[in-house]
Amino acid sequence: MLLAGQIGEGQATPCRSESGDERKNVEEKSDLNIAALFENEKVSEGTDNGDLPAYVSAFIEKEVGNDLKSLKKLDKLIEQMTESKMQLEEQVLTISSEIPKRIQNALKNAEESKQFLNQFLEQESHLFSSINSHLQTAQPWMEDLGAMIKQIDEIERHLAYLTWISQIEELSDNIQQYLMTNNVPEAASTLVSMAELDIKLQESSCTHLLSFMRATVKFWHKILKDKLTSDFEEILAQLHWPFITSPQSQTVGLSRPASAPETYSNLETLFCQLLKLQTSDELFTEPKQLPEKYSLPASSSVILPIQIMLTPLQKRFRYHFRGNRQTNVISKPEWYLAQVLMWIGNHTQFLDEKIQPMLDKVGSSVNARLEFSRGLVMLVLEKLAADIPCLLYDDNLFCHLVDEVLLFERELHSVHGYPGTFANCMHILSEETCFQRWLTVERKFALQKMDSMLSSEAAWISQYKDITDVDEMKVPDCAETFMTLLLVITASRKLQFLELQKDLVDDFRIRLTQVMKEETRASLGFRYCAILNAVNYVSTVLADWADNVFFLQLQQAALEVFAENNTLSKLQLGQLASMESSVFDDMINLLERLKHDMLTRQVDHVFREVKDAAKLYKKERWLSLPSQSEQAVLSLSGSACPLLLTLRDRLLQLEQQLCFSLFKIFWQMLVEKLDIYIYQEIILANHFNEGGAAQLQFDMTRNLFPLFSHYCKRPENYFKHVKEACIVLNLNTGSALLLKDVLQSAPGQPPATAALNELGIYKLAQQDVEILLNLRTHWPNTGK
C-alpha cells in the first residue's frame, strides 16, 4: 500500500510538470541521481508522450529488476522522491507569491511615467505660447533693424566706391604732379600701381567705376608712352639705330665719343621707364595674332622698349615687301628671309652687350636678343601667311619657298639660338592645306629626282672612288644622293614625313630590284655590284638612323599614335617601346633579303665557274701518284691550276667591286660551298695512296688556303672538312691502324672522341673518319 501511494504521488508530480514552466522547474530542481537516471535511459521521450505508467514500470524494472535483493533500495528511493516533491512544492508556492508583487510594481511605475509625461506636455504648451507671443512683439523691431542694415550696407558700398575713386584720383594727381616737376620715373611707377588696381577691379560689377579706371589709366599711359617713346627714339637716333650695315660697322652704335656714357645712361633710364609701362600697355595693346588654323603657341606681347626698337625695321620690311614694290617678288622669298636674318645678325652684339644688362639689372627674365628676333619673325610669318595661298598650286614656286624657309629655319635655330617653342615658320607650313600640298610636292619631286639619278651616267659610280679611306662602302652616287634626299625632308610634322620617307625607301628598293633583274645575266659585272653596294648602303644608313636621337623621338611619337589607333599588336608595341625594333625595321628586312638574294646569286655564279674549272682536278689519279719520298719537291698539281686561277681572279674582281662588309660575306659563303664540294666530290669520290694523300694536302694547305689568307688570319678554319680529311688521309700507318682500332672497339664512346680531338679532328663524325680511313690504300699487308 505504501508503494502504491508513493507511486500515486509520483504520478501526480510528472502530470503537473507536463504543463509549461512548472514542468521545466521540476526538471531543473530534481535530484541529480534521478536526472542521471532519466538521461541515461532516455525516458524523456515516453513522458513527453504521456505514457506515465509505462515510464514508472520501466523505472522500477531498472532499479529492482528480477533481483529480490534490490528491494532494499525501495526505502531510499521513496525518501529521495519525497524530498524532491517537497522542494518542488516550495518552489511553486514561492513563485505564486512573488509574481503579483512584480506586476503591481510595474503598474505603479507606468502610472508615474504617465504623470511625468502629462507635466512635460503642459510645460511645452506654455513655452510655445510664450515664444509666439515674443515673436509677434519683436517682429516690428526686426523689420526696422533689417531696413537699417540695408542702409548701412549701401552706405558702405558708397564709401568703398568713393574710396576707389579717391584712390584713383589721388594716383592721377600724383602722376600729374610728377610730370609737372618732370619726375618721369615716379610718374611711371605710380602708373604701374594704377594699372595693378585696374587689374584687381576686373572682377567688380561696377561698370562705371571700371570704365573710369580704364579711361584714367589709358589717359596717363598715352601721355607717358608718347613722351618716353619720343625721348627713347631720339636717343636711338643718336646711336644710329637701326644698324642697317654689316656687323663690322656696328662700332657706330657700340663706341661713341665723349658723350657716349651720358647717351647710354639716358638710354638705360628711358628703357627702364618704358619697361614699367609694360603692365599698362598690355591692358590696351592686343598682340597681333594670325588665324587659329596656324596653331601658333600662346605668347605674350614683345616688351614695350623692344617694340619701339623694332618699329623702324617693321616700317622698312612693310615698305619693301608689301604692295607693288620691285623688292616684293613672290618668287623670291629668299630676299625677305635673308633681310630678316641680316637684321638679327646686325643687332645681336648691341642687344647682348647693351640691352641685356639693363634687363638683368631690373630682374627681368626676358632675353633681349630672342625678344628682338621674335618680333622680326612675326613679320616673316605674316608675309608667309599672305603669300602661300598665291603660290600653293605652282609646284616650282611652292617648292622653292619651302626650301628657302627650311634654310631660314635652320640658320635661325642653329646660328641665332631661336627656341623651337617660339612661333616659327613651321607653324605656317604645317597648316593642313599647306602641309598636304607640301607632302604631295615632296613626293613628286623626290620621285623625279630618283628617276633622274638612276638614269644618270654616273649613277653607279662612287664620287669618292679615288679616295680609298673615304670609299670603304663603295657607295654609288645614286644611293648617296637618295639618302641625302631623305635627310632633306625630315622636317616639321615629322611623323607624316617619316611615312613619306618609308614610302620613298620602298620605291627606291623596287627600282633597284628592277634594275638588278636587268643585270642578272652579268651578276659579277660592275653595274650589278654597284646595285648591291647601294642596297647595302641604304640598309646600313637606316640601321644607323634607328639609333639616332631624332628618329628615336619619332619612334616614341609613332608609338603613341599606334597605341591610340590599335594598329599594332601588343608584342609589336612592346618591341617598339623597349627599342628592340625601330620604325625602319620593315624596310631594313626587305633590303637585307634583297642583299642576301643578290649575294647568293653571285656566289652561285662563281661556284659554277669553280666547279667547271675543277673537272680535271676531280679526275686526278690519286691512287697512283708517286710517294713524297720518290719526289725531290712537291709541286702544285697541274689539274688544280684552272680551279685556283678562276678562284683568284673572281676574288680579286669582287674585292674591288664590292664594299668590304659585302665581300666578307661573299667569300665566306663561297668557302662554305667550296669546302663541302671538295670534300664530297673530290675526296670522298676517290681513293688515295700515300703520294695522292700528300699531293692533296699540299694543294690544299699550300695553294688553296693561302688564297684567303689576305682576308683572314687562319683560312684553314673555314675549310674544316677538307683540312680534317687531309689529316686522316696523311696519318702514318701506325697511327691510322691505332685510330681504326679505337673507332671500331668503342664507336660513339668518349675514348674515340678523345682520340679524334687529339689528332685535331672536331668537325667530322666518327663514321666519316672511318670512311676516310677506308679510302686509304697504303695499308700494310697483314694477311687480312
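Modeller: Happy to. A salt bridge here is a side-chain nitrogen of Lys or Arg within 4 Å of a carboxyl oxygen of Asp or Glu. Keep in mind that this is a predicted model.

Biologist: Got it. How many salt bridges does the structure hold?

Modeller: There are 20 salt bridges in the structure. One of them joins the side chains of Arg-374 and Glu-371, at 2.9 Å from N to O.

Biologist: Where do Arg-374 and Glu-371 lie?

Modeller: Both are in helix α14, which covers residues 368-391. They are three residues apart, about one turn of the helix.

Biologist: And is Arg-374 buried or exposed?

Modeller: Buried, because its relative accessibility is 11% and the cut-off for buried is under 20%. Glu-371 has 8% relative accessibility, so Glu-371 counts as buried too.

Biologist: Which residue does Asp-387 form a salt bridge with?

Modeller: Its partner is Lys-383, with the closest N and O atoms 3.3 Å apart. Asp-387 and Lys-383 are both buried.

Biologist: What about Arg-527, which side chain does it meet in a salt bridge?

Modeller: That would be Glu-519, at 3.1 Å from N to O. Arg-527 has 32% relative accessibility, so Arg-527 counts as partly exposed.

Biologist: Switching topic: how many residues are in the largest nonpolar core?

Modeller: That core has 90 residues, and Leu-267, Met-309 and Ile-355 have the most contacts inside it. Helix α14 gives the most to this core, with 12 residues.

Biologist: Which residues is Ile-355 in contact with, leaving aside neighbours within four places in sequence?

Modeller: With those neighbours left aside, Ile-355 touches Leu-267, Phe-271, Ile-306, Met-309, Phe-350 and Ala-368. There is also a second, separate core of 84 residues, which includes Leu-658, Val-722, Ala-736 and Leu-773.

Biologist: Now the helix pair. At what angle do α8 and α12 pack?

Modeller: Helix α8 (residues 207-238) packs against helix α12 (residues 304-321) at about 55 degrees, and their axes are 11 Å apart. The two helices are therefore oblique to each other, and their crossing is right-handed.

Biologist: Nice. Which residues make the contact between α8 and α12?

Modeller: From α8, they are Lys-225, Thr-229, Phe-232, Glu-233 and Leu-236. Helix α12 brings Leu-304, Pro-305, Ile-308 and Met-309. You'll remember Met-309 from the largest nonpolar core, where it is among the residues with the most contacts.

Notes: Residues are numbered from 1 along each chain as its sequence is written. This is a predicted model: local features need pLDDT of at least 70, side-chain atom pairs count only at pLDDT 80 or more; totals for chains, interfaces and linings use all residues. Side-chain values use heavy atoms; hydrogens and water are left out. Helices (H or I, at least four residues) and strands (E, at least two) are DSSP runs, numbered from the N terminus. Buried means under 20% relative accessible area, exposed over 50%, partly exposed in between (1.4 Å probe, protein chains only). A nonpolar core is a set of buried Ala, Val, Leu, Ile, Met, Phe, Trp, Tyr and Cys residues joined through side-chain atoms within 4.5 Å. Contact means heavy atoms within 4.5 Å. Axes are lines fitted to C-alpha atoms, for helices over the stretch in contact, and angles run from 0 to 180 degrees between N-to-C directions. Angles under 35 degrees count as roughly parallel, over 145 as roughly antiparallel, 65 to 115 as roughly perpendicular and the rest as oblique. A crossing is left-handed if the near helix is turned anticlockwise from the far one by less than a right angle, and right-handed if clockwise.
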